[in-house]
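Visitor: Could you take me on a close look at one part of this model? I would like to start from a single residue and see what lies around the rest of the chain from there.

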Amino acid sequence: MARAPLIDGHGRTIGDLRLSVTDRCNFRCQYCMPAEGLPWLDREEVLHFEEIERLVALFAELGIRDVRLTGGEPLVRRDFPRLVSMLSPLVDDLAITTNGFLLERDAEALVRAGATRFNVSIDSLQRDRFFEMTRRDALPRVLKGLETLAAFPEAHPIKVNAVAVRGFTEQEALPFARFAREHPYQIRFIEFMPLDADRTWSPEQVLTGEELRAAIHAVYPLEPEPREAHATARVYRFADGQGHIGFINPVSEPFCGDCNRIRLTADGKLRTCLFSLNETDLRAPLRSGATDDELEQVIRDAVWRKELKHHVNDPGFIQPARSMSAIGG
Ligand code: SAM
Ligand code: SF4
């Protein structure tokens, strides 16, 4: 049954859901999690596959045809490819964001299950620096996973995301530019956002996309591609035609104006912005027997209140209680 599209109070139509399947992770990236990890959700708190399937089917009826599965690390959720195969028939695009550690094991199963797009997070192409940032000595394994995935034509185009932190990522700009030119991957730098569990973020630590773009352009000239509606990345092509590179600049150039995204945490809380201070519980109504019409009303009311913009650059900005791995980035 088709239902009316989901529209927020600022006139934006919602078409994209970021769905976290677990808050757990096998990495401890400095900008995301503390070295000792976080208190994990109990198993019963996390939505079951059937609950996720029901919600995604309802969201699809409400016009959400793009779903991205994330976490925590989605590949650590047991039987994850089975969840992918349950969800892929329901939507047009089923994407996965992963740190790549388990991709060598799972790439084939995920492609076969119907995942259509992949983002692999890699912050450095140097083993010791990768270790420093993720607190795991895992670069060779992640690159192997990426290669395993790249062998499947259905998995392309593959995006590789690097968080840009001042004092660290400057040295990565040219190696990643060369990597983008030599491989069929689109590299994208993401500005460091105040969603780290350690709460050490400061504006000075944000290495802006424009600084990285200028550094790369000086060596490998870049030409802008037109921005697609709702896009998070500013994409450039290398002027000599060899590959693309993108910059996701949520801090220095916010793209809230045409944001069409909502998020669902692993424990079933709907968030209408990465930086939301309020969440809407879908798990309780789901588990107490709500009908689809009743769930639709809860979702519609929450979406109507979607934030106009984030306030990262405003005085008095309040960092949300949940950090990135517990939200689902
Ligand atoms: N574990 C998976 C991964 O790392 O790809 C999926 C979840 S992770 C939270 C999703 C994305 O958020 C990753 O690309 C990660 O680098 C990014 N991220 C995490 N913390 C961030 C922060 N404070 N600022 C900007 N990006 C962040
Ligand atoms: Fe784990 Fe991804 Fe957070 Fe790194 S960014 S700690 S891989 S959830």
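Guide: With a relative accessibility of 33%, His230 counts as partly exposed, because that value falls between the 20% and 50% cut-offs. Please keep in mind that this is a predicted model. His230 sits in the loop between strand 7 (222-224) and strand 8 (233-238). Its backbone is worth a look: phi of His230 is near 70°, a positive value in a residue other than glycine. Most residues other than glycine have a negative phi, and most peptide bonds are trans.

Arg199 also has a positive phi without being glycine, with a value near 55°. You will find Arg199 in the loop between strand 6 and helix 7, and at 43% relative accessibility it counts as partly exposed. The peptide bond to look at is the one between His156 and Pro157, which is cis, with omega at about -5°. Pro157 belongs to the loop between helix 5 and strand 5 (158-164).

Side chains of opposite charge can pair when their charged atoms come close. Asp198 and Arg135 do this in a salt bridge, at 4.0 Å from N to O. The two are 63 residues apart in the chain: Asp198 is in the loop between strand 6 (185-191) and helix 7 (209-217), while Arg135 is in the loop between helix 4 and helix 5. Asp198 counts as partly exposed at 37% relative accessibility, and Arg135 counts as partly exposed at 21%. Elsewhere, salt bridges with shared partners connect Asp267, Lys269, Arg271, Glu279, Asp281 and Arg322 in one network.

The loop between helix 4 and helix 5 also holds Asp137, whose partner Arg127 is in helix 4 (residues 127-134), 10 residues away in the chain. In this salt bridge the closest N and O atoms of Arg127 and Asp137 are 2.9 Å apart. Arg127 is partly exposed at 46% relative accessibility, and Asp137 is partly exposed at 40%.

Arg117 counts as partly exposed, with 24% relative accessibility. In the whole structure, a search finds 32 salt bridges.

Strand 4 also contains Asn119. At 5% relative accessibility, Asn119 counts as buried, because that is under the 20% cut-off. Setting aside neighbours within four places in sequence, Asn119 is in contact with Arg68, Ile96, Thr97, Thr98, Lys159, Asn161 and Arg188.

Let us finish with a pair of helices. The axes of helix 3 (residues 103-112) and helix 5 (residues 139-150) come within 8 Å and cross at roughly 20°. Helix 3 is therefore roughly parallel to helix 5, and their crossing is right-handed. Helix 3 brings Leu103, Glu104, Ala107 and Val111 to the contact, and helix 5 brings Lys144, Gly145, Leu146, Thr148 and Leu149. By type, the residues of this contact divide into five nonpolar, two polar and two charged.

Methods:
Residues numbered from 1 in each chain as written. Chains lettered and ligands numbered in written order. Predicted model: local features only at pLDDT ≥ 70, side-chain atom pairs only at ≥ 80, totals over all residues. Heavy atoms only, no water. Axes fitted to C-alpha atoms, helices over the stretch in contact; angles between N-to-C directions. Helix = DSSP H or I, 4+ residues; strand = E, 2+ residues; numbered from the N terminus. Parallel < 35°, antiparallel > 145°, perpendicular 65-115°, else oblique. Left-handed = near helix turned anticlockwise from the far one by under 90°. Contact = heavy atoms within 4.5 Å. Nonpolar A, V, L, I, M, F, W, Y, C, P; charged D, E, K, R; others polar. Salt bridge = Lys/Arg side-chain N within 4 Å of Asp/Glu carboxyl O. Buried < 20%, exposed > 50% of the residue type's maximum accessible area, 1.4 Å probe, protein only.
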